[in-house]
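Subject: A structure for you to explore

Hi there,

Here is the structure I promised to pass on. Have a look around first, and then read my notes below.

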Amino acid sequence: MKNLQDILYKVAIKQVFGNTNIEVNELVFDSRKVGKGDVFIAQKGVNVDGHLYVDKAIALGAKAIICEGFSFDRKEGVTYVRVSDANEALAIMASNFYENPSTKFPIVGVTGTNGKTTIASLLYQLFTKAGYKVGLLSTVKILVGDKEYKATHTTPDSVTINSYLDMMLEAGVEYCFMEVSSHGIHQKRTEGLSFAGGIFTNLSHDHLDYHKDFAEYRNVKKKFFDELPKSAFALTNIDDKNGSFMLQNTQAKKYSYALKTMADFKVKILEKQLSGTLISIDNTEVWTKLIGVFNIYNLTAIIATAELLGLEKLEILTIVSQLESVNGRFEYVISDDGVTAIVDYAHTPDALKNVLETINDIRTNNEKVITVVGCGGDRDKTKRPRMAHIAAHLSNQAIFTSDNPRTEDPQSILDEMEAGISPEHYNKTLTIINRQQAIKTACKLSDAGDIILIAGKGHESYQEINGVRTHFKDLEEVTNCFNQLKKK
Ligand SMILES: CC(=O)N[C@H]1[C@@H](OP(=O)(O)OP(=O)(O)OC[C@H]2O[C@@H](n3ccc(=O)[nH]c3=O)[C@H](O)[C@@H]2O)O[C@H](CO)[C@@H](O)[C@@H]1O[C@H](C)C(=O)N[C@@H](C)C(=O)N[C@H](CCC(=O)O)C(=O)O
Ligand SMILES: Nc1ncnc2c1ncn2[C@@H]1O[C@H](COP(=O)(O)OP(=O)(O)OP(=O)(O)O)[C@@H](O)[C@H]1O
Ligand SMILES: N[C@H](CCC[C@H](N)C(=O)O)C(=O)O
Ligand SMILES: [Mg+2]
């Protein structure tokens, strides 16, 4: 039980009906989850307006309503608080409810189109290896020390974030690394959190179904840095053309990292192999198991962050050489016949291009590169032709298939992908709607030395068709195929 007046501290209130000096149970924004004595926060969503469920919430026991307007009759004995922005109010209330856990230990947020999970997860690994208890909020999983919880979003809603931060404090966690998605910023899921630092990875095409255009997507990302406190650090990838823009209006201390441009933290690549990369930083050579130029950007951000958070340079570099790659990010298996299969979460045009360029960089050119890729349903449609073009252009054989069609017709997603193939690449493409069959075909088409890239789903353990999720893991599928083909 908490006092509503205390929970409303710092919320911009427009109007109040009823008593705010009351004890309440939980903060709930989904009427279906309301219990006796809860506060219901009505949010205007993408699909429906939460204000339509106020009466239902009251019927289930809500004693206070936070809303943006009164499109319903007010009931006796219920407290109504009108705010200008319910998402913002929810976030501030969530911080207050859990007694502002984000102010009690350092939290670093990572934002950008690609690389957030990689950076946050590797920082978790690095700080854990350095002897700290660490928390992680990521697309793949949530970790409170070594205790694992299932992630449903890249950046969860503000109540969930604060409840995990509170659990982390209880468990003695000393640092938390979290992904900050553009949806998260736009829906104010991270509003009111006190960050010790923010990291910008890069900006390229994604989520243009949700954001009006690229400029809006970019401005949403920038907002995260605009709102960082003075005490925080803001670390940006200065090689990215939007890197300096992100920090234009931040009051945080600015730092840059780069591979090409002059920067506060600069790394040079000395040698690239399929087993790892040799890098040099401040004239010290370090071997890392991470592969691909894009991952060396991620690694540079990690080294910089560890230094900004006060770790010793020598210790950082020693641990960097022990870091393991993240689940579903350039994860590979080699068959007994010498075929390499790489599973990667590249689900944006830029990520796919980077991964294929990395493969083309380390291949000897005597082998074939076969790419299996699809595009998600109910997501940015403009990615589809671009990803198909990149796959066909940079591979010897591209197989287009399904990737979580969700509520869309899988064939129409594939038709939209096919529209992106240039005529000169047409004869090296195939379309196989069933992902399992597509992976099988890639295996059958491969000979010793060939490389199969299976892109888009990385760590995911399901395929979502028509709202139904069934177990599906790219790595399992390709390993099964390798074993089956061996038997024949
Ligand atoms: C597009 C999007 O971001 N949607 C999020 C949004 O849902 P919504 O706006 O569709 O909600 P809605 O269904 O319109 O409902 C509006 C309000 O009415 C309430 N409601 C609704 C029905 C009802 O019976 N009673 C009721 O009270 C809802 O709880 C909600 O508060 O608010 C919900 C509650 O916080 C989120 O769970 C939901 O995430 C959906 C599931 C989702 O798929 N989001 C993806 C796109 C997302 O956020 N992705 C980013 C990562 C992207 C990346 O990594 O690049 C992420 O951070 O995960
Ligand atoms: N720094 C980077 N620049 C470009 N591409 C990258 C970078 N890091 C990773 N990638 C590519 O993007 C894919 C997704 O990486 P990661 O999961 O780290 O990104 P993310 O930002 O967390 O994505 P999401 O938006 O889904 O949470 C990787 O599998 C890889 O192909
Ligand atoms: N965080 C991204 C992940 C996309 C992964 C891809 N496999 C898909 O399902 O579209 C999104 O929600 O858009
Ligand atoms: Mg992620």
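Let's start with ligand 2. It is surrounded by 22 residues, and the closest of them are Gly115, Lys116, Thr117, Thr118 and Ala351. Please keep in mind as you look that this is a predicted model.

Which helices build the shell around ligand 2? At least two residues each come from α4 (116–129), α9 (293–308) and α11 (349–362). The biggest contribution is that of α11, which gives four residues. Sorted by class, the shell around ligand 2 holds eleven polar, six nonpolar and five charged residues.

Now zoom out to the whole chain. The protein is divided into three parts: domain 1 (2–91), domain 2 (101–320) and domain 3 (331–487).

Is α11 largely enclosed or open? Ten of its 14 residues are buried, so the rest of the structure largely encloses the helix. Among the buried residues are Pro349, Asp350, Leu352 and Ile359. What do the buried residues of α11 pack against? Their partners are α9, α12 (383–394) and the strands β20 (340–344), β21 (369–373) and β24 (451–455).

Ligand 3 has a shell of another make-up. Around ligand 3 you will find Thr154, His347, Gly376, Arg379, Asp403, Asn404, Gly456, Lys457 and Glu460. By class, five of these are polar, four are charged and none is nonpolar.

Five strands make up an open sheet with mixed pairing, in the order β2-β7-β6-β5-β4. At its edges are β2 (13–17) and β4 (27–28), each of which pairs on one side only. Further in, β5 (residues 39–41) and β6 (residues 64–67) run in the parallel sense and are joined over three bridges. To find one of the bridge partners, go to Val39 and look across to Ala64 in β6.

Enjoy the tour, and send me your questions!

Best wishes

Definitions and conventions: Residues are numbered from 1 along each chain as its sequence is written. Chains are lettered from A and ligands numbered from 1 in the order in which they are written. This is a predicted model: local features need pLDDT of at least 70, side-chain atom pairs count only at pLDDT 80 or more; totals for chains, interfaces and linings use all residues. Two strands pair if DSSP finds at least two bridges between them. A residue is near a molecule or strand if its C-beta atom, placed from the backbone, lies within 6 Å of it. Ala, Val, Leu, Ile, Met, Phe, Trp, Tyr, Cys and Pro count as nonpolar, Asp, Glu, Lys and Arg as charged, and the others, Gly among them, as polar. A residue is buried if 20 or more other C-beta atoms lie within 10 Å of its own, exposed if 12 or fewer, and partly exposed in between; C-beta atoms are placed from the backbone. Two residues are in contact if their C-beta atoms, placed from the backbone, lie within 7 Å. Domain bounds come from an automatic or database domain assignment.
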